[in-house]
Amino acid sequence: MTDLPDDPRLALMLLSSMVEPGDADLDDLLGEFGPIETVKRLWEGEVPDRLRRLTSALVACTRDPADRAAQIASATEACGARVLIPGDPDWPEQLRDLLLVCDADEPHVRPPRCLWVRGEQDLARLCGRSVAIVGSRAASEYGRHLADDLAADLTDAGWTIVSGGAFGIDRAAHLGALARGGSTVSVLACGVEMPYPKANHSMFDLIVSKGLLVSEWPPGSSAMKHRFLTRNRVIAALSAGTVVIEAAHRSGARNTARHAAELGRVLMFTPGPVTSSMSAGVHQLAREPWEARLVTRAEEVIEDLTGIGGPLAAAPPPQRRPFDRLTEVEARLVEALPRGYVVETTRLAAAAGVPTETAAETLERLLQAGWVDRIDNRWRLSRGGRS
């Protein structure tokens with residue numbers, strides 16, 4: 001008789017090692033029979049034909065499913081991870097929203113059945129007030145700078161940054177949050193013990209110490225192209241909104257944006273040069289029927305996330321030039337001085353429309369402030385003037 005796992009958590013871990021996340025056939029069985037009974041039916045072949053064909057090879061070579069589940073649990077513990085399942089206190093309930101957008105024609109969009117997590121933080125708490133920042137891997141310096149600044153300012157305002165751990169925009173967003181001492185969540189397309197890309201290993205170590213690495217795949221799972229698209233729905237579902245910074249017409253960031261829009265999350269984008277291919281996909285979001293919002297700074301992101309009842313973003317402070325700090329009389333005298341010429345006090349007073357005595361007193365102050373030069377009792381605009 002087949003030895004089955006006796007713990008629903010172990011059963012879900014085993015099933016997740018056999019069938020890709022979001023699979024509708026498997027999730028329907030889980031909804032009807034629960035994890036332990038679903039494992040039993042899978043090993044007895046009492047499942048839909050498609051699911052039986054998909055898992056037949058693994059079932060045939062795994063005579064002891066309970067032992068296989070125990071091996072996955074041991075690998076999980078060895079890399080310092082833990083497994084969350086629905087109903088756990090730190091399971092993010094917003095993931096359930098994926099049920100509302102399931103499409104029979106699109107596979108792997110159901111909610112996660114379990115999550116591997118590395119880090120000491122509470123996932124539900126972190127993502128209770130979170131925003132996703134995603135974008136191109138081949139990001140420009142402008143895009144990386146913007147992602148870093150936006151993530152840092154949102155972190156200062158108490159928001160958790162969620163992204164995918166990739167090069168480019170993802171990396172800049174994670175590092176921007178970490179630089180401000182904040183927490184960040186990286187949703188991976190591989191096992192949490194060896195996050196991809198390997199070149200970001202030092203960043204992933206920081207995330208483990210201050211935030212969380214999250215994956216639907218057990219330890220030992222490799223990053224594959226289709227898994228990046230699958231995990232994007234989780235990035236979108238975890239967050240209150242998604243900001244896209246630089247993306248080509250065909251990109252994973254646009255895939256995340258579509259999931260965010262379908263989930264009813266706030267979709268935002270930052271503008272870039274119209275001549276840049278890295279901004280083409282971002283600008284296209286404004287022409288989609290998704291009501292994407294243009295944002296340029298953290299205050300605008302927060303305004304869009306919190307809605308009418310939240311704090312509204314004030315207009316950017318005007319840039320003040322030194323000239324703006326002059327009094328009215330000082331400004332009139334400075335403006336009346338022709339650049340490169342010297343002018344007598346009386347002529348300058350007449351041109352500025354002020355009494356000669358007032359002009360003389362004011363010019364003395366402007367001389368001390370470095371606005372004008374005096375040459376043989378005549379006045380000239382200094383090189384620092386009119387700036």
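1. Helix α2 (residues 24-33) packs against helix α3 (residues 35-44) at an angle of about 125°, and their axes are 7 Å apart. Helices here are DSSP runs of H or I with at least four residues, strands are runs of E with at least two, and both are numbered from the N terminus. Axes are lines fitted to C-alpha atoms, for helices over the stretch in contact, and angles run from 0 to 180 degrees between N-to-C directions. The two helices α2 and α3 are therefore oblique to each other; angles under 35 degrees count as roughly parallel, over 145 as roughly antiparallel, 65 to 115 as roughly perpendicular and the rest as oblique.

2. This is a predicted model, in which local features need pLDDT of at least 70 and side-chain atom pairs count only at pLDDT 80 or more, while totals for chains, interfaces and linings use all residues. Residues are numbered from 1 along each chain as its sequence is written, and side-chain values use heavy atoms, with hydrogens and water left out.

3. The pLDDT, the predictor's confidence in each residue from 0 to 100, averages 90 over the chain, and 93% of the residues score at least 70. Residues 308-313 have a pLDDT below 50, and this stretch has 8 contacts in the model beyond near neighbours in sequence. Where pLDDT is low, the predicted coordinates should not be read in detail.

4. Ala, Val, Leu, Ile, Met, Phe, Trp, Tyr, Cys and Pro count as nonpolar, Asp, Glu, Lys and Arg as charged, and the others, Gly among them, as polar.

5. A second pair is formed by helix α15 (residues 345-352) and helix α16 (residues 356-368), whose axes come within 9 Å and cross at roughly 105°. Helices α15 and α16 are therefore roughly perpendicular to each other. T345, T346, L348 and A349 of α15 make the contact with T356, A359, A360 and L363 of α16. The residues of this contact divide into 5 nonpolar, 3 polar and no charged.

6. Helix α10 (residues 225-238) is mostly covered, with 11 of its 14 residues buried. Buried means under 20% relative accessible area, exposed over 50%, and partly exposed in between (1.4 Å probe, protein chains only). Among the buried residues of α10 are F228, V234, I235 and L238, as well as R227, R231 and R233. Their cover includes the helices α6 (123-127) and α11 (252-262), together with the strands β3 (130-135), β4 (160-163), β5 (184-187) and β7 (241-245).

7. V59 is placed in helix α4 (residues 49-61) and counts as buried at 16% relative accessibility. Leaving aside neighbours within four places in sequence, V59 is in contact with M18, L42 and W43.

8. Most residues other than glycine have a negative phi, and most peptide bonds are trans. The peptide bond from Y196 to P197 is cis, with omega near 0°, and P197 lies in the loop between β5 and α9 (201-210). E291, in the loop between α12 (277-285) and β9 (293-294), has a positive phi near 55° and is exposed, with a relative accessible area of 71%. N377, in the loop between β11 (372-375) and β12 (378-381), has a positive phi near 60° and is exposed at 63% relative accessible area.

Methods
Contact = heavy atoms within 4.5 Å.
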